[in-house]
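Hi,

Here is the structure I promised to pass on. My notes follow it.

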Amino acid sequence: MRALVIDQPGEARVIEIKPPAADPFEATMRIRRVGLCGTDLSTFLGKNPLVTYPRIPGHEVAATLERVPTNDLGLAEGMNVTMSPYTSCGKCTACRQGRFNACRFNETLGVQRNGALMDRLNMPLAKLYAAPLSIEELCLVEPLTVGCHAVARGRVTAADTVAIYGCGGVGLGAVAAAAFRGACVIAIDLDDKKLAIAAGAGARHLIHSNRENVHARLQEITGGHGPDIIIEAIGRPDTFRAAVEEVAYTGRVIYIGYAKDLVTYETRLFVQKELDILGSRNALPQDFKEVIRMFEQKRFPTAEAISAIVSLEEAPAILRAWSENPAAYTKIMIAFD
């Protein structure tokens, strides 16, 4: 069967590999769509320290079940599913607390182990989520769960005003999940296309950070108080600091992005504002179920969020094009049918 492999930074090609052997405890899936995300781009560029080469990428999946062991989960052959791409050891502190998303020894599909950019894949039944969604919607579920988990970490309710820095795939998940909970959402980005998608996902206010004074706009929208919650989904030192500076007193700051450089803070704000500062990593089963409910209620602009759907044979070329012009694409999907 076919697979896409990144042999080394900057070099991707389609190869032939052996089909996966049948596993009595796992389902065999025929891959239908695989979404590419920033992690895959980092792998292609050689900037992901968790990746060794060669590596088959891909962890945002829509698939059709071809072979399913007997189960009590309601899963059957012919169903369309998405999946959770994470592993958990069950023994570390996070796992013992039921927070498997933060497993110390997690291995994400397509990162520490080979991913889903291949014709067929075996997966444990507990990692699969069947839903009556389109193939494209199913493929978008996993990337949106990461932002949804940040919203859950922030305890967002309809009473909150939530500002989200960054409207890439992860940030859009936070926008959509916060809006789905009824919060007043402020989306901040420097890309008009991404802001338009954020509006379609439920953002009530849009701030273009290259054309507007973000501080002044946040003060205007919140009556001088600042947002109750700020979610940082970019990963830059300036937005890491801005989250603490702009959030309201007794507010909550949730970090999803990784700052690539050291961040220096005016730490008195942590104490003076009595802030809750939280990290957010991956997603839990309840996040998958919440995003699926959101799609079932047509609360996300699926078509607008997808900038390209290409065949597996075209994947190496679009990876190169994306690496040369990252701003030109929002979500790229690889189609296997």
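This is a predicted model: local features need pLDDT of at least 70, side-chain atom pairs count only at pLDDT 80 or more; totals for chains, interfaces and linings use all residues.

Residues are numbered from 1 along each chain as its sequence is written, and side-chain values use heavy atoms, with hydrogens and water left out.

Back to H9. Its twelve residues reach 17 Å from the first C-alpha to the last, close to the 16 Å expected at 1.5 Å a residue (the expected span being 1.5 Å times one less than the number of residues). Asp287, Phe288, Glu290, Val291, Ile292, Met294 and Phe295 of H9 are buried, i.e. under 20% relative accessible area, with exposed being over 50% and partly exposed in between (1.4 Å probe, protein chains only). The buried residues of H9 pack against strands E5 (80–83) and E7 (128–130) as well as H3, H4 and helix H10 (302–305).

H4 (residues 169–180) and H9 (residues 285–296) pack at about 75 degrees, axes 11 Å apart. Axes are lines fitted to C-alpha atoms, for helices over the stretch in contact, and angles run from 0 to 180 degrees between N-to-C directions. That makes the two helices, H4 and H9, roughly perpendicular (65 to 115 degrees; under 35 is roughly parallel, over 145 roughly antiparallel, the rest oblique). Ala176, Ala177 and Phe180 in H4 meet Glu290, Arg293 and Met294 in H9, where contact means heavy atoms within 4.5 Å.

Now the sheet: six strands form an open one, ordered E10-E9-E8-E11-E12-E13, with parallel pairing (two strands pair if DSSP finds at least two bridges between them). E10 (205–208) and E13 (276–279) are at the edges with a single partner strand each, so one side of each has no neighbour in the sheet. Twist averages 15 degrees from one strand to the next. Four bridges join E9 (residues 184–189) to E10, and alanine 187 stands opposite leucine 206 in E10.

Lastly, aspartate 160 sits in the loop between H3 (135–153) and E8 (161–165). Aspartate 160 counts as buried because its relative accessibility is 8%. Beyond its neighbours within four places in sequence, aspartate 160 is in contact with Arg155, Ala183, Cys184, Asp228, Ile229 and Arg252.

Cheers
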